[in-house]
Amino acid sequence: MTTVLATFAVLKNHIKLKVSPDYVAIDNIIFKLHYRATFLVLLAATLLVCSRQFIGEHIRCINDAGVPEHVINTFCFFTSTFTVVKHMNLTSVLEGEVPHPGVGPVTKRDEVVHHAYYQWVPFILFFQAILFYLPHYLWRSAEGGRLKLLVSGLNLASLALQEEKIEVDGKIIPTKGDRDEKIRQIRTGFINRLHLNRPWAYYLGFCEVLNFINVLFQLYFTDWFLGGTFLNLGTEIQNNGFNHILDRLDEVFPKVTKCTFHKYGGSGSIQIHDALCVMALNIVNEKIYFILWYWLIILAILTGLGLIWRILTMILHARSLNFNRLVFSMACPGKYNPWNMLRVTHDYHFGDWLFLYYIAKNLNNYVFKELLHQLAEDLEERKQAKYNIIPQEDFDTLKKN
């Protein structure tokens with residue numbers, strides 16, 4: 001058990017079961033499924049196929065030529081093993097014509113399938129893990145900590161009821177003045193960046209599209225890597241069941257294969273020796289790729305739905321008050337003044353709306369409600385100043401005079 005824990009200890013820094021008080025959300029749950037869940041799954045799979053303590057030697061071969069076992073094992077692992085296509089059928093196995101699927105007599109005219117992918121499996125899995133993390137890295141670099149700079153220090157702002165700071169369980173509760181000053185900074189930062197949040201929103205949307213392209217690429221790339229057998233892997237296993245003597249997994253990941261070893265004889269002529277190899281590593285490989293098939297399909301569907309949701313937000317954010325109420329209630333549960341929401345979201349660009357949405361995700365209900373109210377007033381004053389609109393109270397005063 002200690003060895004197992006030591007093997008996967010490298011992943012512990014990437015597993016976050018508790019949310020840090022200073023954590024700031026800059027993406028959604030679907031985005032996290034790419035750079036956290038999938039990234040960790042692929043890293044764990046990489047470690048698993050590289051570790052010998054779980055399955056022992058990756059390959060073991062037997063031969064009758066007197067070649068040392070470690071020599072034939074190394075040779076067959078690095079060159080490749082193969083199976084004979086004509087012997088890859090259930091009837092030959094049941095009737096005792098061949099000992100294992102794909103293993104039997106072979107001539108130069110027979111079609112064979114060489115299996116060398118197992119040499120590349122850890123490299124491919126690690127490469128795929130990097131690709132799933134890349135969009136998050138690009139987005140985090142482009143975002144530059146802008147949200148964290150604005151909302152940091154407001155996680156306990158709803159408890160700010162006094163004029164002096166209070167320490168509770170090692171946490172500092174800010175004063176009312178600190179809270180109001182921080183809200184003022186957010187208001188100023190939001191107002192000053194009106195219409196400048198477009199690149200921020202576009203880059204987030206671009207990285208979300210990049211996630212979708214990447215997961216589709218991974219499906220077809222894995223299918224190419226496994227010789228065109230991956231895309232239908234899950235459906236064929238479902239149709240045939242797991243207890244079938246010869247199923248799709250045995251064709252893709254054969255447990256027993258053949259290997260041909262050449263050496264010089266006593267007189268200098270070349271001798272050809274047949275070896276039978278047990279592919280212990282394929283027991284792990286088949287489980288990894290079977291799970292990966294399901295996960296990539298599910299992830300592709302969820303990512304596609306996420307893009308549809310993003311398009312809906314672009315269309316409805318300035319048209320539907322009920323939609324805004326729903327979205328902001330999910331981001332920051334609570335009841336908001338509909339007029340304030342309409343004034344903030346109606347006349348401004350989607351980038352501003354999306355930036356405000358992520359501000360809401362990182363604030364509690366009390367602070368965001370106050371921020372929303374003050375933003376509505378600021379934006380209304382800005383609009384009146386822009387179009388030289390006389391405020392209602394001034395208009396009433398002029399009318400009386």
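**Exercise 1.** Find the partner with which K255 forms a salt bridge, and say where the two residues sit.

*Solution.* Start with the term: a salt bridge is a side-chain nitrogen of Lys or Arg within 4 Å of a carboxyl oxygen of Asp or Glu. K255 pairs in this way with E286, and their closest N and O atoms are 2.8 Å apart. Helices (H or I, at least four residues) and strands (E, at least two) are DSSP runs, numbered from the N terminus. Finally, look for shared partners: K255, E286 and K287 are joined into one network of salt bridges.

A word on the model: it is predicted, so local features need pLDDT of at least 70 and side-chain atom pairs count only at pLDDT 80 or more, whereas totals for chains, interfaces and linings use all residues. Residues are numbered from 1 along each chain as its sequence is written, and side-chain values use heavy atoms, leaving out hydrogens and water.

**Exercise 2.** Is E286 buried or exposed?

*Solution.* Recall the cut-offs: buried means under 20% relative accessible area, exposed over 50%, partly exposed in between (1.4 Å probe, protein chains only). E286 has 8% relative accessibility, so E286 counts as buried.

**Exercise 3.** Which residue forms a salt bridge with R310?

*Solution.* The partner is E208, with the closest N and O atoms 2.9 Å apart.
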